[in-house]
Amino acid sequence: MMEQLLIEPFRLEQRETPKPELAPGDVLLKLEALTLCGSDVRVYTGEKTGGVSWPTVIGHEFVGTVSQVSQSDQEHLLGTRRAVVPWVFCRTCAPCRRGQTNLCVNVEIFGYQIPGAMSEYIRIPAQGVTNGNLIEIPDSLPAELGALSEPLACVYHGHLRCKITVGSSVLILGGGPIGMFHTMLALRAGASRVIVSEPQASRRETISALGPVTVIDPTGADLVENVKALTDGDGADVSIVCVGHPGLAQDAVRITRPGGIVNLFAGFGRSGVGKMDLNAIHYEQLDVIGNVDSTLDEFHTVSGLIAEGNLDVSAMITHRFSLSQAEEAIETARSGTGVKVAILPDS
Ligand SMILES: [Zn+2]
Ligand SMILES: [Zn+2]
């Protein structure tokens with residue numbers, strides 16, 4: 001089979017290798033689609049190193065068909081199409097026992113501790129199969145849209161923690177794919193004012209098409225004043241930071257109304273250290289929250305939304321490449337020209 005092995009940052013090597021051997025309980029998926037994530041790009045460039053075992057096969061947003069199983073009691077899985085929850089949690093650590101499987105301390109993630117999906121086939125470890133990490137999707141759903149279940153599930157997890165409701169005012173800092181998903185869910189939850197701050201003109205245009213959204217260019221005017229004016233001088237009920245620039249965390253604190261929620265949704269790079277006005281958090285009684293990944297339940301919910309056409313994500317895929325064009329695909333994702341970049345191994 002063909003795979004794209006990342007030897008070191010910026011060095012992707014296309015190679016032929018035997019299909020992965022299956023241990024008892026494992027299954028093999030033939031990949032149909034992979035979509036690229038900002039974190040894949042940061043592993044590629046060497047900006048993100050946490051949890052990566054080199055050399056690595058990146059890719060954790062994917063859909064495939066079960067092509068081989070290791071046990072007779074798995075035969076019913078053969079030929080089924082699956083989106084995959086990419087964090088294989090252990091079910092026995094303290095967070096897992098509390099039901100917070102997204103916080104598993106022994107987690108193995110595709111593209112990090114275990115080989116990811118920039119390949120023709122991928123091995124799903126037995127633990128993932130028994131956990132229920134293989135989420136069935138209907139034959140009618142294009143694989144590339146099924147792959148979007150993963151980033152959308154993460155956004156949905158963070159969205160639920162924002163308690164957005166009918167009438168909420170929501171500020172979304174960053175209008176990339178994650179900001180777009182947050183925009184869709186905020187609108188769907190009934191937010192009456194959704195403001196998206198995004199410096200790139202093409203992205204502002206794409207977001208405007210999502211619905212009744214106020215899109216602003218943070219480089220043009222004072223962001224804080226701008227948002228306050230749009231929220232009757234009060235500030236947003238909820239601010240969601242979707243870009244990992246530490247400075248945005250402080251912007252979010254200044255823009256959020258007293259008693260509001262600041263959601264640090266993005267990861268903040270290697271140092272992860274920034275400044276926030278602690279007195280503002282204290283005296284304005286702000287809830288500053290973080291979030292990571294999602295639970296199986298949330299993944300099921302969003303893959304259902306996508307499969308049933310309840311949430312139209314089809315415009316999100318703006319670029320498609322074959323597996324042999326993986327480098328070009330990553331560079332496209334890196335340039336930020338489109339929204340989501342898909343790799344379709346069979347194309
Ligand atoms: Zn992702
Ligand atoms: Zn665990």
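Donors are N, O and S atoms within 2.8 Å of the metal. The model is predicted.

**Close-up 1. Zinc ion (ligand 1) and its protein donors.** C37 (SG), H60 (NE2) and E61 (OE) coordinate the zinc ion (ligand 1) at 2.2 to 2.6 Å. Along the chain, these donors follow the spacing C-x22-H-E. C37 and E61 link distant parts of the chain, 24 residues apart. C37 sits in the loop between strand 3 (27-35) and helix 1 (38-45). E61 belongs to strand 4 (residues 61-69). Both C37 and E61 are buried.

**Close-up 2. Tetrahedral site of the zinc ion (ligand 2).** The protein donors are C90 (SG), C93 (SG), C96 (SG) and C104 (SG). They lie 2.3 to 2.4 Å from the zinc ion (ligand 2). Angles among the four donor atoms run from 104 to 119°. The donor residues are spaced C-x2-C-x2-C-x7-C in sequence. Buried means under 20% relative accessible area. C96 has a relative accessible area of 8%, so C96 is buried. C104, at 7% relative accessibility, also counts as buried.

**Close-up 3. Crossing of helix 5 (residues 149-161) and helix 6 (residues 177-188).** The two axes come within 9 Å. They cross at roughly 55°. Helix 5 and helix 6 are therefore oblique to each other. The crossing of helix 5 past helix 6 is right-handed. Helix 5 makes the contact through P151, L152, V155, Y156, G158 and H159. Helix 6 contributes I178, F181, H182, L185 and A186.

Key
Residues numbered from 1 in each chain as written. Chains lettered and ligands numbered in written order. Predicted model: local features only at pLDDT ≥ 70, side-chain atom pairs only at ≥ 80, totals over all residues. Heavy atoms only, no water. Donors = N, O, S within 2.8 Å, 3.2 Å for Na, K, Ca; no water. Helix = DSSP H or I, 4+ residues; strand = E, 2+ residues; numbered from the N terminus. Buried < 20%, exposed > 50% of the residue type's maximum accessible area, 1.4 Å probe, protein only. Tetrahedral: all angles 85-135°; square planar, octahedral: opposite > 155°, others 65-115°. Axes fitted to C-alpha atoms, helices over the stretch in contact; angles between N-to-C directions. Parallel < 35°, antiparallel > 145°, perpendicular 65-115°, else oblique. Left-handed = near helix turned anticlockwise from the far one by under 90°. Contact = heavy atoms within 4.5 Å.
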